[in-house]
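I opened my notebook to look up a few contacts and ring pairs. Here are the entries in order.

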Amino acid sequence: MIQNTCETNNPFQMFKERIDSVCGHMKVSEACHTILKECKREFTVHFPVKMDEGSTKLFTGYRVQHSDTRGPFKGGIRFHPDVNLDEVKALAAWMTMKAAVVNIPYGGAKGAVICNPKTLSQNELERMTRRYTSEVSVLIGPEKDIPAPDVGTNPQIMAWIMDTYSMNRGNSVLGVVTGKPIEIGGSLGRFEATGRGCMINALLAAKHLGIKIDGGTVAVQGFGNVGGVAAKMFTQKGSRIIAVSDSRGGIYNEKGLDIYALQHHKQKTGTIIGFKEGETITKNELLGLKCDILVPAALENTICADNADMVQARMIVEGANGPTTPDADAILNDNGKFVIPDILANAGGVVVSYFEWVQGLQSFFWSEEQVNQQLETVMNNAFHEVLELSQHEKVSMREAAYMLAVKRIDSALMLRGIYP
Ligand code: NAD
């Protein structure tokens, strides 16, 4: 079996190298090139939480703000045992790029707490979330920095963040966080938005490449918010989901998995493993399956130089942030794969977060149809802008997406100037 050494790559280092390479191929101000390679603010906090059995545990959390050149900072919060500062910095920087590619008026940020939410009781999770919110409330706010869900966090956690921030302000502040439950100012369509955005991108790319989605085969890595919804969306379009993986392993069925039954199994057992209507495969084996579309929707660095050559899918739709390392990217390009890069493929989430924020600020809510229609318009425009640039400049979709983002950030920076 191929040994997977992907984890050793430093995502922020990779981001900086990407910026150097992209800026080397285009006209961009030196100021923009330099500024993009650092985060504006990096906040680390160690905070205590009372555990159920009476002990006190110290947690470490982060909020990193990369850029607010194009608008307020925006980015999710990750709860994961292995998260570290450089990972959060990379995630914040990718948010800046993503918002610029889809042309919404946000900068980029990200937050995290080193913890395993699965081992905390609901009460411990709530106390930990509320204390973390209190600690980062010097930075966040509806006109400053707006968090959202990411790996290990969900609408309930967003509700606690909104409530904690509001209690300390003395009034309900809907716009402080997105990805909230509908009952307290969330947007219809937000939960599905990232997976739906992946689907919209895949449909556009399939048309461009002459691939069929209806009847096509798909493998999905990760079965959480993004991967779970993407799998459902592809099923609804007539695709066969031949494999799915989660942190414990993978499930394969050449005839196609029943995604609804698999979701039910996961709700009951907490994992996809043990699902009767498929055979068990490893997480790495999933990446090398013969299929039309591969959707990495788990964590960073899962496709690296060690395993990129075994990818057989014609199209890769990056539901996750940073799933492909630069070496792997070069291998995929050489092998003729069409990669829809993360900063485009998974931007549906931040687009509908933007819609949720706008609805919250106006206290005027849209129908699900309106949300999905607007999302489709934004993604359609972004996909075609990136595709046209990639054809014009003869570069990959990833390089084109970065070029478009850097160009937009640079022109905003030039207009604003360097203060004072
Ligand atoms: P999630 O916590 O809901 O799900 C993550 C899934 O990945 C889980 O099923 C987990 O078991 C699985 N996983 C973890 N390690 C794995 C591995 N090594 N192999 C296979 N599966 C593994 O998180 P999510 O919100 O779905 O986020 C997934 C990715 O999408 C992350 O990179 C995140 O930053 C990105 N993303 C999320 C959103 C969003 O709106 N939630 C938006 C844009 C990008």
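At what angle do the axes of helix α12 and helix α13 cross? Before answering, I note that this is a predicted model, where local features need pLDDT of at least 70, side-chain atom pairs count only at pLDDT 80 or more, and totals for chains, interfaces and linings use all residues. Residues are numbered from 1 along each chain as its sequence is written, and side-chain values use heavy atoms, with hydrogens and water left out.

**Entry: two helices**

I looked up α12 (residues 348-362) and α13 (residues 368-393); their axes come within 10 Å and cross at roughly 130°. That makes α12 oblique to α13. (Under 35 degrees counts as roughly parallel, over 145 as roughly antiparallel, 65 to 115 as roughly perpendicular and the rest as oblique.) Axes are lines fitted to C-alpha atoms, for helices over the stretch in contact, and angles run from 0 to 180 degrees between N-to-C directions. Helices (H or I, at least four residues) and strands (E, at least two) are DSSP runs, numbered from the N terminus.

Next I listed the contact (heavy atoms within 4.5 Å). From α12 come G348, V351, V352, F355 and Q359. From α13 come V371, Q374, L375, V378 and M379. I sorted these residues into seven nonpolar, three polar and no charged. (Ala, Val, Leu, Ile, Met, Phe, Trp, Tyr, Cys and Pro count as nonpolar, Asp, Glu, Lys and Arg as charged, and the others, Gly among them, as polar.)

**Entry: a loop residue**

I found T69 in the loop between β2 (56-67) and β3 (73-74). Is T69 buried or exposed? T69 is buried, at a relative accessible area of 16%. (Buried means under 20% relative accessible area, exposed over 50%, partly exposed in between, with a 1.4 Å probe and protein chains only.) Leaving aside neighbours within four places in sequence, I see T69 in contact with I409, A412, L413 and R416.

**Entry: aromatic rings**

I searched the whole structure and got eight aromatic pairs. (Rings of Phe, Tyr and Trp, its six-membered ring, pair if their centres lie within 6.5 Å; planes under 30 degrees apart count as stacked, over 60 as edge-to-face and the rest as tilted.) F12 and F15 have ring centres 6.0 Å apart and planes at 20°, so this pair is stacked. Both lie in helix α1 (residues 11-24), three residues apart, about one turn of the helix. Both F12 and F15 are buried.

Y354 and W357 form a tilted pair, 6.3 Å centre to centre with 35° between the planes. W357 is buried, at 12% relative accessibility. I also noted one aromatic cluster, formed by Y106, Y354, F355, W357 and W366.
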